[in-house]
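Me: I would like to go through this structure with you. Could we take it step by step?

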There are 2 protein chains.
Amino acid sequence: MSNTTPRLLDEQLCFAFYSASKKFNHFYQDALKPFHLTYPQYITLLALWETSPMTVRELGSHLNLDSGTLTPLLKRLEKQGWISRKRSDQDERQVNVDLTDYALEKRDEVYARVNDCIDLMGFDDVDYNQLLDQVHQVMTKLDNISNKDLIHEA
Amino acid sequence: MSNTTPRLLDEQLCFAFYSASKKFNHFYQDALKPFHLTYPQYITLLALWETSPMTVRELGSHLNLDSGTLTPLLKRLEKQGWISRKRSDQDERQVNVDLTDYALEKRDEVYARVNDCIDLMGFDDVDYNQLLDQVHQVMTKLDNISNKDLIHEA
DNA sequence: AACAATTTAGTTGCACACGATTAACCTGTG
DNA sequence: CACAGGTTAATCGTGTGCAACTAAATTGTT
């Protein structure tokens, strides 16, 4: 990859990921409209449907989000009746996030709705998993580039 | 893909794209630190380095961004000396966005810096282009699902 | 016990992203 | 010319993301 020949915008992998991510967001926003959930709220519930309760920190490390993003998001989910937030008795710094009965009841309905929408895309299972794997590899590459490497070049 | 067996969060393609997109964003934020540019500002300049001037609408259709996002972003780029914004004489509804001399001068420096950083990832050209193509295919799938399809299921 | 260092969630400030609305402008038709 | 209908950029409101900071609580060390 030469440093003198600039890649066009549409040939940039970053732009493809950026655009695709926004399209996914839009897709889920539509699919989740019946439940009044945004995409970040949905993945938060997904994480909790897998494991709950979790502290804000644990949830954040699953989702790669910090408290600055999660705290207001969780407050909205609480207000809408999906989760409860309660400070731990053992360690009062931590806040335990747990699902409400409403969230447990709605789980299968949300799954079914989202999966129906995904089915419309007509993904082949093999393609899906192969692409998933490649995206994970890109993430590994991105993780392996430390800030130190970048500062060296500055 | 069954609707009864829920996929784990880490097996969801949407979450992989969501996470990868955030990592790319962080990567570019670091790479572009010397120029005080955010990633959306960078792709805006990329588009303009390819074609300029452009109206806000043209720019928006290249980047898939609407005026609600672009107007404040462009004002910041203008304030920092990268672009100029001028209402068209022929059609006063339109605003022509053009590069400043500063932006033209800095172009190669920005390209070199970003490409150096991308080189650190060690991408193979064939892999890169194959993955790019697959991401484009996913975007096509997402585009082909209209809101109508989703509403039918609601 | 005392107290410095660390951990945790919350807060603040800034920059997107986007739906919905608004205001100004252009265009086509009568 | 008049004016309804469409286009364009800007504005507003809500919801992320994230860096930097704060406050409270816990832990480690003396």
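Me: How are helix 2 of chain A and helix 5 of chain A oriented to each other?
Reply: In this predicted model, helix 2 of chain A and helix 5 of chain A lie oblique to each other. The axes of helix 2 (residues 39-50) and helix 5 (residues 101-121) of chain A cross at roughly 120° and come within 11 Å. Angles under 35 degrees count as roughly parallel, over 145 as roughly antiparallel, 65 to 115 as roughly perpendicular, and the rest as oblique. Axes are lines fitted to C-alpha atoms, for helices over the stretch in contact, and angles run from 0 to 180 degrees between N-to-C directions. Helices (H or I, at least four residues) and strands (E, at least two) are DSSP runs, numbered from the N terminus.

Me: Which residues make the contact there?
Reply: Helix 2 of chain A contributes A:Tyr42, A:Leu46 and A:Trp49, and helix 5 of chain A contributes A:Ala103, A:Leu104, A:Arg107, A:Val110, A:Tyr111 and A:Val114. Contact means heavy atoms within 4.5 Å. By class, this contact has eight nonpolar, no polar and one charged residues. Ala, Val, Leu, Ile, Met, Phe, Trp, Tyr, Cys and Pro count as nonpolar, Asp, Glu, Lys and Arg as charged, and the others, Gly among them, as polar.

Me: Before we go on, what are the ground rules for the numbering and the values?
Reply: Residues are numbered from 1 along each chain as its sequence is written, and chains are lettered from A and ligands numbered from 1 in the order in which they are written. The model is predicted, local features need pLDDT of at least 70, side-chain atom pairs count only at pLDDT 80 or more, totals for chains, interfaces and linings use all residues, and side-chain values use heavy atoms, with hydrogens and water left out.

Me: Now the two chains. At what angle do helix 6 of chain A and helix 1 of chain B pack?
Reply: The angle between helix 6 of chain A and helix 1 of chain B is about 25°, and their axes are 10 Å apart. Helix 6 of chain A is therefore roughly parallel to helix 1 of chain B.

Me: And who is in contact?
Reply: From helix 6 of chain A, the residues include A:Tyr128, A:Leu131, A:His136, A:Met139 and A:Asp143. From helix 1 of chain B, they include B:Leu13, B:Phe17, B:Ser19, B:Lys23 and B:Phe27. The contact of these helices has 13 nonpolar, two polar and two charged residues.

Me: Which salt bridge does B:Lys23 form?
Reply: B:Lys23 pairs with A:Asp143, with the closest N and O atoms 3.0 Å apart. B:Lys23 lies in helix 1 (residues 13-31) of chain B and A:Asp143 in helix 6 (residues 125-144) of chain A, so the pair joins two chains. A salt bridge is a side-chain nitrogen of Lys or Arg within 4 Å of a carboxyl oxygen of Asp or Glu.

Me: How many salt bridges does the structure hold?
Reply: There are 14 salt bridges over all chains. One of them links the side chains of A:Asp30 and A:Lys33 at 3.4 Å, N to O. A:Asp30 is buried at 12% relative accessibility, whereas A:Lys33 is exposed at 53%. Buried means under 20% relative accessible area, exposed over 50%, and partly exposed in between (1.4 Å probe, protein chains only).

Me: Is A:Thr44 buried or exposed?
Reply: A:Thr44 is buried, with a relative accessible area of 0%. This residue is found in helix 2 of chain A. Not counting residues up to four places away in sequence, A:Thr44 touches A:Leu59, A:Leu63, A:Leu73, A:Leu74 and A:Leu77.

Me: What about the backbone: where are the cis peptide bonds?
Reply: One joins A:Ser52 and A:Pro53, with omega about 0°. Another joins B:Ser52 and B:Pro53, also with omega about 0°. A:Pro53 is in the loop between helix 2 and strand 1 (54-55) of chain A. Most residues other than glycine have a negative phi, and most peptide bonds are trans.

Me: Which phi value does A:Asn64 have?
Reply: Phi of A:Asn64 is near 60°, a positive value in a residue other than glycine. A:Asn64 sits in the loop between helix 3 (56-63) and helix 4 (67-79) of chain A, and it is partly exposed at 43% relative accessible area.
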